[in-house]
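Trainee: I have a model open on my screen and would like to walk through it with you. Could we start as soon as it is up?

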Amino acid sequence: MSEREYIVTLKKGVDYEAFNQEMIEETGAGNIPNRSTTVANARPGSQRNTHYLLTEAEADALKSDNRVLD
């Protein structure tokens, strides 16, 4: 499994804390990876952008999550 750093940008009004918790938990649902993802850069000043280490397939699937802008 080859991971790269992807910037995940959430849509306005999305609960960042809840989304991030789903991303770092061991089990995901829907388009969230079913493993704990590593936060590469938390960007604490932003409530919409976080850098995660993901595979290309995980990043592509995550784009389909209705909370994700890009």
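Mentor: Let us begin with H51, which, leaving aside neighbours within four places in sequence, is in contact with E5, Y6, I7, T38, V39, A40, N41 and R43, where contact means heavy atoms within 4.5 Å. Keep in mind that this is a predicted model, in which local features need pLDDT of at least 70 and side-chain atom pairs count only at pLDDT 80 or more, while totals for chains, interfaces and linings use all residues. Residues are numbered from 1 along each chain as its sequence is written, and side-chain values use heavy atoms, with hydrogens and water left out.

Trainee: Where is H51 placed, and is H51 buried or exposed?

Mentor: H51 is in strand β3, strands being DSSP runs of E with at least two residues and helices runs of H or I with at least four, numbered from the N terminus. H51 is buried, with a relative accessible area of 9%; buried means under 20%, exposed over 50% and partly exposed in between, with a 1.4 Å probe and protein chains only.

Trainee: Which side chain makes a polar contact with H51?

Mentor: That is E5, whose side chain is joined to that of H51 by a polar contact of 2.5 Å. Such a contact is a pair of N or O atoms within 3.5 Å; within protein, one must be able to donate a hydrogen and the other to accept it, and residues adjacent in sequence count only if both atoms are side-chain atoms.

Trainee: Switching to α1, which of its residues are buried?

Mentor: The buried residues of α1 are Y16, F19, N20 and M23. They lie on the same side of α1, because they cover an arc of only 95 degrees around the axis, the arc being that of the directions from the helix axis to the C-beta atoms.

Trainee: And what covers them?

Mentor: The cover over the buried residues of α1 includes β1, β2, β3 and α2. At the N-terminal end, D15 caps α1, with a side-chain oxygen 3.2 Å from the backbone nitrogen of E17.

Trainee: Last topic: where does G28 sit, and what does G28 contact?

Mentor: G28 is in the loop between α1 (16-24) and β2 (38-41), and G28 is partly exposed, with a relative accessible area of 27%. Apart from neighbours within four places in sequence, G28 is in contact with P33, N34 and R35.
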